[in-house]
Amino acid sequence: LEKQVLSDSLKLGRGILRTTRQFKCEDFGFVPRMKYRGKEIPLEVVPNVFTWAERKVDLKESGGIATVYIPHSTNLRLLITSLETGLRAQSVQWLDRSTWDSLNTNAPSDSYTFGLYVNTDKTKEEPWHTYVVHRVRALLQREQTFQAQFSDANSYKPVNYEGLDTSPFDPIRPLFRSPASAYPVHDSGYAKAWVQLMVDFESFYRKATGETHVR
């Protein structure tokens with residue numbers, strides 16, 4: 001979706017992109033296929049869990065700026081990171097874009113695990129670190145690259161955790177930044193995406209496995 005937006009080949013109107021509940025993969029020229037217990041299953045539809053917003057993008061080739069209506073996978077990546085690591089979504093939500101990968105300066109690129117610098121926590125008052133598998137680091141790198149392409153990527157000052165002047169943590173430049181502010185995406189955004197994923201997965205699971213008792 002993002003590539004089609006940036007190449008100006010996505011012809012659907014903004015209203016459809018914002019309000020459509022599901023996208024048929026074949027309409028966009030690619031149907032992913034997954035394998036599970038020896039069975040290959042096509043992913044014919046995907047839920048529209050993207051945040052659609054108008055953004056200004058820096059065009060590296062021409063040096064110009066384009067205004068595009070682009071999907072953000074930020075909430076989805078936040079949820080995947082939380083599931084993969086066991087971290088509270090709140091801790092993932094407040095990862096800092098300049099420090100989250102700071103433990104891996106000398107790490108071999110083909111490592112299976114990498115360090116993750118976590119800025120906040122519910123019980124701690126100091127940043128701490130944990131370890132993630134390579135695919136989680138790659139996902140976080142994709143979010144960082146996605147955020148860096150926007151013209152306003154460096155326009156905001158660091159913000160206090162939860163907007164609290166009394167926060168024990170240093171101000172943060174969120175990796176999972178909202179399209180419209182210096183703060184990370186809102187709790188309600190990733191909560192809504194989670195519910196939609198669960199509802200749509202139920203339908204997919206029933207069709208893919210033949211289960212009938214799952215409600």
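Me: How many aromatic pairs does a search of the whole structure find?
Reply: This is a predicted model, and a search of the whole of it finds nine aromatic pairs. One of them is formed by W52 and Y69, whose rings are stacked, at 5.9 Å centre to centre and with 25 degrees between the planes.

Me: Where do W52 and Y69 lie?
Reply: W52 belongs to strand β5 (residues 51-58) and Y69 to strand β6 (residues 65-72), so the pair ties together parts that are 17 residues apart in sequence.

Me: And are W52 and Y69 buried or exposed?
Reply: W52 is buried, and Y69 is buried as well. Ring pairs also link W52 and Y69 with F23 and F28 into a cluster.

Me: What about Y161 and F169, how are their planes set?
Reply: The planes of Y161 and F169 stand at 85 degrees, with the ring centres 5.4 Å apart, so this pair is edge-to-face. Y161 and F169 are both buried.

Me: Switching to helices, at what angle do α3 and α6 pack?
Reply: Helix α3 (residues 74-85) packs against helix α6 (residues 187-209) at about 75 degrees, and their axes are 9 Å apart. The two helices are therefore roughly perpendicular to each other.

Me: Which residues make that contact?
Reply: From α3 the contact takes in N75, L76, L78, L79 and L83, while α6 contributes G189, Y190, A193, W194 and L197. By type, the residues of this contact divide into eight nonpolar, two polar and no charged.

Me: Now Q147, is it buried or exposed?
Reply: Q147, which lies in helix α5 (residues 134-148), has a relative accessible area of 8% and is therefore buried, the cut-off for that being under 20%.

Me: What does the side chain of Q147 have at 3.1 Å from one of its polar atoms?
Reply: The backbone oxygen of R177 lies 3.1 Å from a polar atom of the Q147 side chain. Leaving aside neighbours within four places in sequence, the contacts of Q147 are T74, A153, L175, F176 and R177.

Me: Last topic, backbone angles: what is phi of D8?
Reply: Phi of D8 is near 60 degrees, a positive value in a residue other than glycine, whereas most residues other than glycine have a negative phi. D8 sits in the loop between α1 (2-6) and α2 (14-19), and its relative accessibility of 58% means that D8 counts as exposed.

Me: And E162, where is it found?
Reply: E162 is in the loop between α5 and α6, and has a positive phi of about 55 degrees although it is not a glycine. With a relative accessible area of 36%, E162 is partly exposed.

How values were computed. Residues numbered from 1 in each chain as written. Predicted model: local features only at pLDDT ≥ 70, side-chain atom pairs only at ≥ 80, totals over all residues. Heavy atoms only, no water. Helix = DSSP H or I, 4+ residues; strand = E, 2+ residues; numbered from the N terminus. Buried < 20%, exposed > 50% of the residue type's maximum accessible area, 1.4 Å probe, protein only. Polar contact = N/O pair within 3.5 Å; in protein donor to acceptor, adjacent residues only side chain to side chain. Contact = heavy atoms within 4.5 Å. Axes fitted to C-alpha atoms, helices over the stretch in contact; angles between N-to-C directions. Parallel < 35°, antiparallel > 145°, perpendicular 65-115°, else oblique. Nonpolar A, V, L, I, M, F, W, Y, C, P; charged D, E, K, R; others polar. Phe/Tyr/Trp six-rings, centres within 6.5 Å; stacked < 30°, edge-to-face > 60°.
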